[in-house]
Amino acid sequence: MNLYFRALKYVKPYLFRGLCAAICTVIAAGGTAYLPWIIKDMVDQVLKEKNTDMLNWIVVSIIVVFIIRGIAFYGQSYLMNYVGQRVIIDIRKAVFEKLQRLSLSFYDKNKTGTIMSYVTNDVNALQAAMVENVVEMVTESVILIASIVMMIYLDWRLFLVTFSTFPVVLLFIDQFGKRIRKSGSRIQEATADITSVLQETVSSARVIKSFVREEYEINRFDQENIKNFRANMKYAQLSATLTPTIEFVAAVGVTIILWYGGNSVIEGTITAGSLVAFLTYAVNISNPIKRLSRVIGNIQKALAAAQRVFDVLDLPETIHNAPDAKALPMVKGNVRFNNVSFSYNPGEQVLNNVSFDVKPGEMIAFVGPSGAGKSTVASLLPRFYDVTDGSITIDGEDIRRVTLQSLREQVGIVPQETVLFNGSVYDNILYGRLDATKEEVEAAAKAANAHNFITELPQGYQTMLGDRGVNISGGQRQRISIARAILKNPQILILDEATSALDTESERVVQEALDRLMIGRTSFVIAHRLSTIKNADKIMVLEKGCLVEQGTHDELMAKDGLYAHLYKIQYRSKETH
C-alpha cells in the first residue's frame with residue numbers, strides 16, 4: 001500500500017474536489033443504506049399494522065432518496081474522475097520530465113519500446129487504479145460501513161454471529177492480492193516487450209523489407225503476444241478463483257443469518273421486518289465485499305505498473321548540476337582534456353589518460369580505427385557522460401562546475417545520423433534557437449546551402465518532413481541539421497562523421513556548408529574520410545582509447561605511423577575504384 005499512498009500524494013493539489021467527491025459518495029451510499037430500513041418499516045408497520053400514513057411516507061421518501069442519490073452519484077463520479085485524470089496527467093508529466101533529465105546511459109541500457117511503455121501502458125494501468133477503481137472502492141467501502149452500523153443497531157448479537165466468517169474473507173483477499181500483483185507485474189513486462197518489438201519493426205521497416213524478414217518479425221511479435229496472453233490468463237485465473245471463493249464465504253454468512261435470525265423471530269426477540277432489513281444489509285455487505293475483492297485485484301495489478309513508474313522516478317540523475325554550479329559565461333573556445341579516462345561499464349576502459357589542449361577557433365580532427373574512442377570524446381565535451389578520471393575544462397572552467405544548460409547552449413553538434421522531427425522544415429531549423437526570427441531562420445538555411453532546395457519543396461519552409469525527415473534526401477536532411485546548428489550559433493562545434501553517409505555530390509555541398517559553419521569556432525571533427533581533414537589545425541589519432549599521435553596532416557604523414565597507415569589504405573582504396 002506504500003505505492004498506492006505515494007500515488008495518492010499527487011491528489012494533494014486537488015484535495016478540495018476530492019473532499020467534495022467524498023461527501024457526494026457518503027450521500028449516495030447513505031441513500032443505498034437507507035433503502036433496507038424502508039423495507040423494515042414496510043413489513044412491520046404497513047403490512048402488519050396496516051399503517052396508511054407510513055405507506056405514503058415511504059412512497060415519498062423513496063422518490064426523494066433516489067433524486068438526492070442520483071445528484072450525489074453524478075457529483076461523485078464527475079469529481080472523482082476529474083481528480084483521477086488530473087493526477088494521472090501529473091504523474092505522466094513527472095515521468096516524462098524524469099526521462100528528459102536522465103543521462104544517455106539510461107537510454108543505452110533500455111530499449112526504446114520499454115521506455116515508451118513507462119509513459120503509455122504503465123501510466124494507463126495506473127489510471128485505472130486511480131479513477132475507476134478508486135470510485136468503486138470508496139463507494140463500496142461507504143456502503144459496507146453504513147450497512148455494518150445499521151446491522152449492529154438492529155441486532156448486535158446476530159451481527160457477531162454473521163461476522164464470524166469475516167477474517168476468512170480478509171485472509172483470502174490478502175493472499176490472492178499478493179499473487180495478483182505478481183501476475184500484474186508480468187503483464188506489464190509482457191506489454192512493454194510487445195511495445196518494444198512494435199517500435200523496432202515500425203522504425204526498421206525498410207531493413208525488414210530489404211531482407212525479406214516480414215514472416216520472421218511476425219513470428220517474433222506473435223511470441224511476445226502469446227507471452228502477454230499467458231500473463232493475462234494467469235491474472236484472469238486468479239481473479240476468477242478469488243470472486244467465487246468470497247461469494248461462497250458470503251453465502252455461508254447469509255445461511256447463518258437465516259438460521260439464527262429465523263429462530264429469533266420465532267422466539268420474538270426480533271421482528272420479521274428487522275430480520276428482512278438485516279438480511280438485506282447482509283446482501284448489501286456481500287456485494288461490496290465481492291466488488292471490493294475484484295477492485296483490490298485490479299489495484300494490485302495496477303500497483304505492478306505503479307512500481308515500474310516509481311522505479312523510473314526514483315532513478316538517480318547521474319548527470320546533474322553540482323550544488324555550487326554557476327552559469328558558464330560566453331566562451332572563447334579554449335578546450336583542455338586533462339588526463340581523461342572513461343568507461344561506459346566498470347572494467348571496460350574506453351578512453352585512457354587522454355590529454356590535449358585546443359586553442360579558440362582551431363579545428364581539431366579525431367581519427368582512428370573503429371572503437372578507438374572518437375565518438376566518446378565528442379560525448380564527454382557536452383557532458384552527455386561524466387569522465388571517470390581527469391577533467392575537461394573550457395576557458396579554464398571545469399565543465400562539471402557549470403550548469404548543464406549554459407554548457408550545452410554553447411556547444412553545437414552535427415551528428416552522422418541526422419535527427420529531424422515530424423514537423424515543418426521551418427520548425428526543425430527553429431529548434432536551434434526558439435526565439436529566432438523568420439529572417440534569421442532563412443539566413444541560417446542559406447548559410448547551410450539549404451535555402452534553394454527548401455523553396456522548391458511543395459510548401460517551402462512549411463513543408464512537413466514526415467517521421468525522421470523521410471520525405472527528403474539524406475543530403476538535404478544533413479543541410480537542415482547544419483542550418484539548425486548555425487541558428488544556435490555555438491562557439492564550440494562537434495561534427496561527428498557528418499558527411500560519411502552521403503554520396504559524393506551531397507558531400508561536396510554539405511562540406512561547403514560545414515566549412516562555412518566552422519569559421520571562427522572551435523571545432524571538433526570526427527572523420528571517416530581522411531581527405532576532409534587534411535587542413536585541420538591538429539589531428540588526434542586514437543587507438544584502443546589512447547592518444548597515440550597528434551599533429552598536422554604533413555607532420556603525421558612524415559612520422560609514417562598509424563595515421564599515415566590509415567590514410568594510405570583509404571588512398572589506395574580510392575585508386576582501385
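Modeller: Residues are numbered from 1 along each chain as its sequence is written, and side-chain values use heavy atoms, with hydrogens and water left out. Since this is a predicted model, local features need pLDDT of at least 70 and side-chain atom pairs count only at pLDDT 80 or more, while totals for chains, interfaces and linings use all residues.

Biologist: How do you know that strand 1 and strand 2 pair?

Modeller: Strands are DSSP runs of E with at least two residues, and helices are runs of H or I with at least four residues, both numbered from the N terminus. Two strands pair if DSSP finds at least two bridges between them. Strand 1 (residues 335-345) and strand 2 (residues 348-358) have 7 bridges in the antiparallel sense, so by that definition they pair. Within this pairing, V335 stands opposite V358, and the two strands form a hairpin with 2 residues between them, where G347 in the turn has a positive phi of about 85°.

Biologist: What makes strand 4 and strand 5 a pair?

Modeller: Strand 4 and strand 5 (residues 397-398) are joined by 2 bridges in the antiparallel sense, and because the definition asks for at least two, they pair. T393 stands opposite D398, while the bridge partner of I394 in strand 5 is E397. Their hairpin has 2 residues between the strands, and D395 there takes a positive phi near 50°.

Biologist: Why are strand 2 and strand 5 called edge strands?

Modeller: The open sheet has 4 strands in the order 2-1-4-5, with antiparallel pairing; strand 2 and strand 5 are its edge strands, as each pairs on one side only. Strand 1 also meets strand 4 (residues 389-394) through 5 bridges, running antiparallel, and R336 has T393 in strand 4 as its bridge partner.

Biologist: What is the strand order in the open sheet of 6 strands, and what pairing does it have?

Modeller: The order is 6-7-8-3-9-10, and the pairing is mixed. Its edge strands are strand 6 (411-414) and strand 10 (546-551), each pairing on one side only. The twist averages 20° from one strand to the next, where axes are lines fitted to C-alpha atoms, for helices over the stretch in contact, and angles run from 0 to 180 degrees between N-to-C directions. Strand 3 (residues 363-367) and strand 8 (residues 522-526) run parallel and are joined by 4 bridges, with I364 opposite F524.

Biologist: What makes I23, I27, V60, V64 and I68 a nonpolar surface patch?

Modeller: Patch residues have over 30% relative accessible area and no salt bridge, and nonpolar side chains (Val, Leu, Ile, Met, Phe, Trp, Tyr) are joined within 5 Å, like charges within 9 Å. Areas come from the Shrake-Rupley method with a 1.4 Å probe, and for residues only the protein chains shown count as cover; a salt bridge is a side-chain nitrogen of Lys or Arg within 4 Å of a carboxyl oxygen of Asp or Glu. The five named residues make a nonpolar patch of about 420 Å², to which helix 3 gives the most, with 3 residues, including V60.
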